[in-house]
Amino acid sequence: MRQPAIEVRNLSISYFGTSAVTDVSFRAAPGTMTAIVGPNGAGKSTLLKGILKLIEPDAGEVTIFGRPVGAVRKQIAYVPQRGDVDWNFPINALDTALLGTYPRLGVFRRPGKHERAIARDCLNKVGMSDHALQQIGTLSGGQQQRVFLARALAQQADIILLDEPFVGVDATSERLIVQILHELRDAGATILVVHHDLVTATDYYDHALLLNRRLLAHGPVGEVLTPDRLAEAYQSITAHAL
Amino acid sequence: MEFLEALVEYDYLKKALVTAVVVGILCGVIGSFTILRGLALMGDAISHAVLPGIAASFLLGISFFPGALVAGLLTALGIGYVNQNSRLKNDAVIGIVFTAMFALGVVMVSLSPTSTDLTKILFGNVLAVRTSDMWITVIVGALVLLVAAALYKELQVSSFDPTMAAAYGLSTKGLHYLLMTMLTLVTVASLQTVGIILVVAMLIVPASTAYLLTDSLPRMILLAAALGVLSSAGGLYFSFSYNLPSGAAIVLVGAAGFLVAFLFAPTHGVIRRQLSARRARVLAMG
């Protein structure tokens, strides 16, 4: 196998003594798009945050193109869950996309003409140019997610992590977002998406990672999202609840 | 006109005005980031908690600057530590730590052999500003504004989306403590003007008024600074003309401004919101 874009080895993360993710290992190759699937509380978002080293893991290691995460942060774009964003913040769509240029600018340097052109171009790609000056909270759910995708595009990252990007999103926006993600993947980007809808997962992704605290399966999407495996993943949580 | 004539005539009034204007700008700018990060209560805590630092400085006979700074930062760190190591909610932790610090300050002031005037520290008196106080305010103000301007982009992104900021490598913790440092410095700079009890009003009120008036961060900051200056200058006028406590007068002018914006703001005001809601209902009913 070529050098993996993302390599996770024996990653374990816990919150206040309760384990959220236990002993997860997998590799994602460049130019692949992987769905992270599992029941509520399976640790999907935690896994993304663990890959980004936003949470200190109890054990395990993450490398990006063979290097520690800290050394390649600027090459990783992250689109947070809807609930993590302050939609009343005084910022418009264009300035939100502009945030994507900040990592490359580094501390102290202000975005200039070049960065604004990138932001405008990315907003155009997601079909949001007409709403450039609108405050972020006044947009619809689908439009907001498109703006955040524009921000990820502006970062020109090799690795893109998205946490439930299709929640509260209209069908048109969803199609557009998937299409852009596919283009990025085909151009060599490595994409991980926390995904809820099992029906669409097989259409959207080439790989899947089935998680329920532990890694249950990982591989080509057709081999992972089988009825048996899904039943196993989703049943154990019901058993847990009982 | 009396006020303007007096302004030309009396030096102390000029000093008071310069100090009040600088405090207005400073509080508007730092207050904007404070409220956007949901740290209004933290601002209240830090400003109260500088009291033991000031008292210690009096006891040691040194400038109150380092003392206040140490006390403010210890409080910020203490709140962070208790937060991470207990199951208590954030607001309870803030309440515990800052009231303890404040009480410690009151005890220390009462032990002080020299007659430190507690009321003066708590409520300030801008009309009694000495030249050295004015320069402290101006220099601290310039320093804080310089840092805020240099790190504008970082403060913006970490306030809006702290997860993204941390993901690309910004030290969000570092920025938090930097803002806490700035809050402490602003408190010290505002000591003479509004005092430590009311400085939180100067941090929160003009910024909140501005927040209701615009959807752009740069405009919000400029507007908050302008409103801070208006409150300070207006309060000084009332304080001088009607012999009112300066800090309280300044805060009341600011609060009046907030009330106007709360009611009449173009998109976010109560009246406009109710009109929009009614129109939506009428449209829905066809």
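Helices (H or I, at least four residues) and strands (E, at least two) are DSSP runs, numbered from the N terminus. An axis is a line fitted to C-alpha atoms, for helices over the stretch in contact, and angles run from 0 to 180 degrees between N-to-C directions. The structure is a predicted model: local features need pLDDT of at least 70, side-chain atom pairs count only at pLDDT 80 or more, and totals for chains, interfaces and linings use all residues. Residues are numbered from 1 along each chain as its sequence is written.

Start inside chain B. Helix H4 of chain B covers residues 51–60, and helix H5 of chain B covers residues 64–84. Their axes come within 7 Å and cross at roughly 150°. H4(B) and H5(B) are therefore roughly antiparallel to each other (angles over 145 degrees count as such). Their crossing is right-handed, meaning that the near helix is turned clockwise from the far one by less than a right angle. Which residues of H4(B) meet H5(B)? They are B:Pro52, B:Gly53, B:Ile54 and B:Ser57. On the H5(B) side stand B:Phe64, B:Gly67, B:Ala68 and B:Ala71. Contact means heavy atoms within 4.5 Å. The residues of this contact of H4(B) with H5(B) divide into 5 nonpolar, 3 polar and no charged. Here Gly counts as polar.

Now take helix H3 (residues 40–49) and helix H12 (residues 195–213) of chain B. They pack at an angle of about 150°, with their axes 8 Å apart. That makes H3(B) roughly antiparallel to H12(B). H3(B) passes H12(B) in a right-handed crossing. H3(B) brings B:Ala40, B:Gly43, B:Asp44, B:Ser47 and B:His48 to the contact. H12(B) brings B:Ile196, B:Ile197, B:Val199, B:Val200 and B:Ile204.

The crossing of H2(B) and H13(B) is right-handed. Its contact residues divide into 20 nonpolar, 5 polar and no charged.

Finally, look between the chains. In chain A, 31 residues are in contact with 25 residues of chain B. The area buried between them is about 2400 Å² (accessible area, 1.4 Å probe, lost on putting the two parts together, summed over both). Carbon and sulfur atoms give 67% of that area. A:Phe89, A:Pro90 and A:Tyr102 supply 28% of the area that chain A buries against chain B, more than any other three residues.

How many salt bridges are counted between chain A and chain B? The count is 1. The side chains of A:Arg151 and B:Asp161 meet in a salt bridge at 2.8 Å, N to O. The term requires a side-chain nitrogen of Lys or Arg within 4 Å of a carboxyl oxygen of Asp or Glu.

Terms used. Chains lettered and ligands numbered in written order. Heavy atoms only, no water. Parallel < 35°, antiparallel > 145°, perpendicular 65-115°, else oblique.
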